[in-house]
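Student: Please show me the model. I would like to work through it by question and answer.
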Amino acid sequence: MLNPDCIPTPSAPVERLQNTENILLLGTDRREGWSNWRTDTIMLVSIDHERNEVAVVSIPRDLYVYHPVFGKKRINSFDYLAEARGYPGGGFQAMKDIFEYNFGVPIHHYVRAHRGAFVEFVDAVGGIDVTLDCDLWEISPQPDGNGYKVLYLPAGVHHLDGETALEFATYRYRTADWGRARRQQQVLAALKDQAAQLSLLAKAPQIWDIIKRNVSSDLGFTDLLRYAKLGLDFDMSSIHSHVFSGRELAQAKLPSGAEILIPKEDGVIQDVLENIFLYVPINVQGTHPKGCPPPPAWAPEYLASLTPTPPPQQ
């Protein structure tokens, strides 16, 4: 396992991604009224135009990486830090530096969306359908810090509105960041399916309003529509995906007690990226080939609370 205190040398280029178009999708936890944020969703989207293939890779927010100016921190902190400190090129340039220095991947474009954009966009397209092969049990702390909110979805097909889709894509206290990242890729696949059934041009004014209020990007609106149409043209089997997890990464602690993730071996992240177009299609990320996880111990009590008490016998 690598030493989190050492300063890494710049990564060698990942050859497979030198001629692809590489876009960063950044999702923040910023809420209404907040001025700061953490970038808790980080996806690298690589488009191979020559072979008509796409790769989507989820990078965990706690991955400990190096920036030549800001030093070593969790990857989810650099976007806001660069914006707040007036770093030339802002958060996008800082993230671009990180991907080139740590992973050997050039970044060409970025899209940063705050939480509100996700909810509004899902509602704008009429919601999304997700299919679960296992029951989903997830929890998240209540906003007031008093207990947890439960997200329970039994196996089967579910139609999610924006708020429920946000819970589906962000809750993580039982399934950890790995499970959340896989569900986020499920959401991308579901959005592709839903958008295929709609006329993007008919929704363009509503979508543009959402983007203006909640999204930052170096791409213009017509560019975003072009990429959206391009995504619709790809078959699911040609959209490859991967979620970095405990197979490649290990937990470590800083002297402060903060938990981070570091590569188990030198070059393991680059190896995945070099072979990313060999990984599974994005629409199978949410499946459980090794069997369903057991429900939590409190599941029977929770299910009982959902069952109305029958009226007394007359």
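Student: Where in the chain is Ser 11 placed, and is Ser 11 buried or exposed?

Tutor: This is a predicted model, where local features need pLDDT of at least 70, side-chain atom pairs count only at pLDDT 80 or more, and totals for chains, interfaces and linings use all residues. Residues are numbered from 1 along each chain as its sequence is written, and side-chain values use heavy atoms, with hydrogens and water left out. Ser 11 lies in the segment before strand 1 (21-28), strands being DSSP runs of E, at least two residues, and helices runs of H or I, at least four, numbered from the N terminus. Its relative accessibility is 17%, and under 20% is buried, over 50% exposed, in between partly exposed (1.4 Å probe, protein chains only), so Ser 11 counts as buried.

Student: Which side chain makes a polar contact with the side chain of Asp 40?

Tutor: Asp 40 sits in strand 2 (residues 39-48). At 12% relative accessibility, Asp 40 is buried. A polar contact pairs N or O atoms within 3.5 Å; within protein, one must be able to donate a hydrogen and the other to accept it, and residues adjacent in sequence count only if both atoms are side-chain atoms. At 2.8 Å, the partner is Asn 76.

Student: Is the crossing of helix 3 and helix 4 left-handed or right-handed?

Tutor: The axes of helix 3 (residues 115-124) and helix 4 (residues 162-170) come within 8 Å. Axes are lines fitted to C-alpha atoms, for helices over the stretch in contact. A crossing is left-handed if the near helix is turned anticlockwise from the far one by less than a right angle, right-handed if clockwise. This crossing of helix 3 and helix 4 is right-handed.

Technical notes
Axes fitted to C-alpha atoms, helices over the stretch in contact; angles between N-to-C directions.
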